[in-house]
Amino acid sequence: MKKLILAILMMATVQVFAQDNQQAPRTPGSETFWENLKAHCGKAYEGELASEATNDTFAGKKLVMHVRECGDNVIKVPFFVGDDRSRTWVFTKMEDGTIELKHDHRHEDGSPDRVTMYGGTSTSTGNGKMQFFPADQETTDLIPYASSNVWWVTLDEENFSYNLRRVERDSHFSVKFDLTTEVDTPDAPWGHE
């Protein structure tokens, strides 16, 4: 009798395991994050500093992000600080399912800044509401003191936040945008007319 009960339990376990394996595969977090960001294409949102201002670059200025260009593999999000249109966050979907974040900095004439295209690639597919980007080798070569930087972006139904932790300096920068209220679309960033 014990053998019969054990055999029935084993068969039930095998059947449950087989059913679980037949379910549709889960969508990687990076794909969910990508589609959620892409859904904001063409829209602009105002933000505010969520960390203490460490210099006058951001203090008291209007902060606006504009999800401006959305392709299958690249999303460009200009970040305006007052009248300064020099910054663009460039998200690139990689073949392995990770996402790369680069910072495109331009001069007013559209030419690239000397310090541009730094950032990193997520080390995994992350989750649908947050992606981490540790500094890559290109960043280390370009800005040695930024080799331990970690950027991360959060995205949910109400907010988008851009964050930077400078590990070696023990400093943190964060700006948070309200996705529930659109604002007027700003001019194109410098060099991206």
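Which residue forms a salt bridge with Asp84, and how many Å apart are the closest N and O atoms?

**View 1. The salt bridge of Asp84 in the predicted model**. Asp84 pairs with Arg87 in a salt bridge whose closest N and O atoms are 3.2 Å apart. Asp84 is partly exposed, with a relative accessible area of 23%, whereas Arg87, at 15%, is buried.

**View 2. The salt bridge between Lys93 and Glu31**. The two side chains meet with a distance of 3.4 Å from N to O. Because Lys93 belongs to strand E5 (residues 84-93) and Glu31 to helix H2 (residues 29-38), the pair ties together parts that are 62 residues apart in sequence. Lys93 is partly exposed, with a relative accessible area of 23%, and Glu31 is partly exposed as well, with a value of 27%.

**View 3. The salt bridge between Asp72 and Lys38**. Here the closest N and O atoms are 3.5 Å apart. Asp72 sits in the loop between strand E3 (69-70) and strand E4 (74-81), while Lys38 lies in helix H2, so this pair joins parts that are 34 residues apart in sequence. Asp72 is exposed, with a relative accessible area of 58%, but Lys38 is partly exposed, at 23%.

**View 4. A network of salt bridges**.

Terms used. Residues are numbered from 1 along each chain as its sequence is written. This is a predicted model: local features need pLDDT of at least 70, side-chain atom pairs count only at pLDDT 80 or more; totals for chains, interfaces and linings use all residues. Side-chain values use heavy atoms; hydrogens and water are left out. A salt bridge is a side-chain nitrogen of Lys or Arg within 4 Å of a carboxyl oxygen of Asp or Glu. Helices (H or I, at least four residues) and strands (E, at least two) are DSSP runs, numbered from the N terminus. Buried means under 20% relative accessible area, exposed over 50%, partly exposed in between (1.4 Å probe, protein chains only).
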